[in-house]
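Visitor: Hi, I'm new to this structure. Could you walk me through it?

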Amino acid sequence: MASVTYFGEAAGARVFQYGSGLVNIGKTIGSSTDYQFDLYTWDIVPSGEVGDNVFRSIDVSFNCSNGYSIGITPIVDGVALNEQTFNGAGTGEQQTQAFFAQRGTRLAARVRTLVRQGDIEMHNVSCSYWQIRTNQ
């Protein structure tokens, strides 16, 4: 018996089937608007709910087919820091690091495409940090 997974839209009434492909919802046929990727990660809390860290970077790896132009925004304790932008030419596996130094308890990130030049396949979004005090 095969199983099928469905996802519901948070701000709307659409239902999506997992594994059926990605389309630009709301795009009209013949429109020149390209689909732009916009990803928010879940918070990580590496030292517990009242622990302290110095967060150092958001690290993003992806594969691109014709260069890339992306923006990375660190979000520390719910506050978005300045977006950092990255551009590159070529194809294949790419890595970018958005460096910053911010003390906090929890970290999330926003990763988005700025201009679509080709396909981008996200592989991983991770971070680096220095643990100051843990409470677990």
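Guide: Here is a short tour, from the overall layout to some contacts between side chains. This is a predicted model, with local features needing pLDDT of at least 70 and side-chain atom pairs counting only at pLDDT 80 or more, while totals for chains, interfaces and linings use all residues. Residues are numbered from 1 along each chain as its sequence is written, and side-chain values use heavy atoms, leaving out hydrogens and water.

Visitor: Thanks! How many helices and strands are there in the protein chain?

Guide: The protein chain has zero helices and 10 strands. Both kinds of element are DSSP runs numbered from the N terminus, with helices (H or I) of at least four residues and strands (E) of at least two.

Visitor: And what share of the residues counts as buried?

Guide: Of the 136 residues in the protein chain, 27% count as buried. Buried means under 20% relative accessible area, exposed means over 50%, and partly exposed is in between (1.4 Å probe, protein chains only).

Visitor: Is strand β5 mostly covered or mostly open?

Guide: Strand β5, residues 68-76, is mostly covered, and nine of its nine residues are buried. In a regular strand, side chains alternate between the two faces of the sheet. For β5, one side has Y68, I70, I72, P74 and V76, the other has S69, G71, T73 and I75, and all of these are buried.

Visitor: Which strands does β5 pair with?

Guide: Pairing here means that DSSP finds at least two bridges between two strands. β5 pairs in the antiparallel sense with β7 (residues 84-88) over five bridges, and in the antiparallel sense with β9 (residues 107-113) over seven bridges. β5 is also joined to β6 (residues 79-80) by two bridges, and these two strands run antiparallel.

Visitor: Which residues are bridge partners there?

Guide: S69 has N87 in β7 as its bridge partner, and T73 has R110 in β9. I75 stands opposite A80 in β6.

Visitor: What happens in the hairpin of β5 and β6?

Guide: That hairpin has two residues between the strands, and D77 takes a positive phi near 50 degrees.

Visitor: New topic: how many aromatic pairs does the structure hold?

Guide: It holds two aromatic pairs. One of them is F62 with Y68, which is edge-to-face, at 5.0 Å centre to centre and 75 degrees between the planes. Rings of Phe, Tyr and Trp (its six-membered ring) pair if their centres lie within 6.5 Å; planes under 30 degrees apart count as stacked, over 60 as edge-to-face and the rest as tilted.

Visitor: Are F62 and Y68 buried or exposed?

Guide: F62 is buried, with a relative accessible area of 0%, and Y68 is buried at 9%.

Visitor: What about salt bridges, how many are there?

Guide: The count comes to six salt bridges, each being a side-chain nitrogen of Lys or Arg within 4 Å of a carboxyl oxygen of Asp or Glu. D38 forms one with R110, and their closest N and O atoms are 2.8 Å apart. D38 lies in strand β3 and R110 in strand β9, so this pair ties together parts that are 72 residues apart in sequence.

Visitor: Which other residues meet in a salt bridge?

Guide: The side chains of D43 and R106 do, at 3.3 Å from N to O. That pair links distant parts of the chain, with D43 in the loop between β3 and β4 and R106 in the loop between β8 and β9, 63 residues apart. D43, E49 and R106 are linked in a network of salt bridges. R103 and D52 also meet in a salt bridge, at 3.2 Å from N to O, and they link strand β8 with strand β4 across 51 residues.

Visitor: Is D52 buried or exposed?

Guide: D52 is buried, with a relative accessible area of 15%.

Visitor: Where does S47 lie, and what does its side chain contact?

Guide: S47 lies in the loop between β3 and β4, and counts as buried at 0% relative accessibility. The side chain of S47 makes a polar contact of 2.5 Å with the side chain of N53 and another of 2.8 Å with that of Q131. A polar contact is a pair of N or O atoms within 3.5 Å; within protein, one must be able to donate a hydrogen and the other to accept it, and residues adjacent in sequence count only if both atoms are side-chain atoms.
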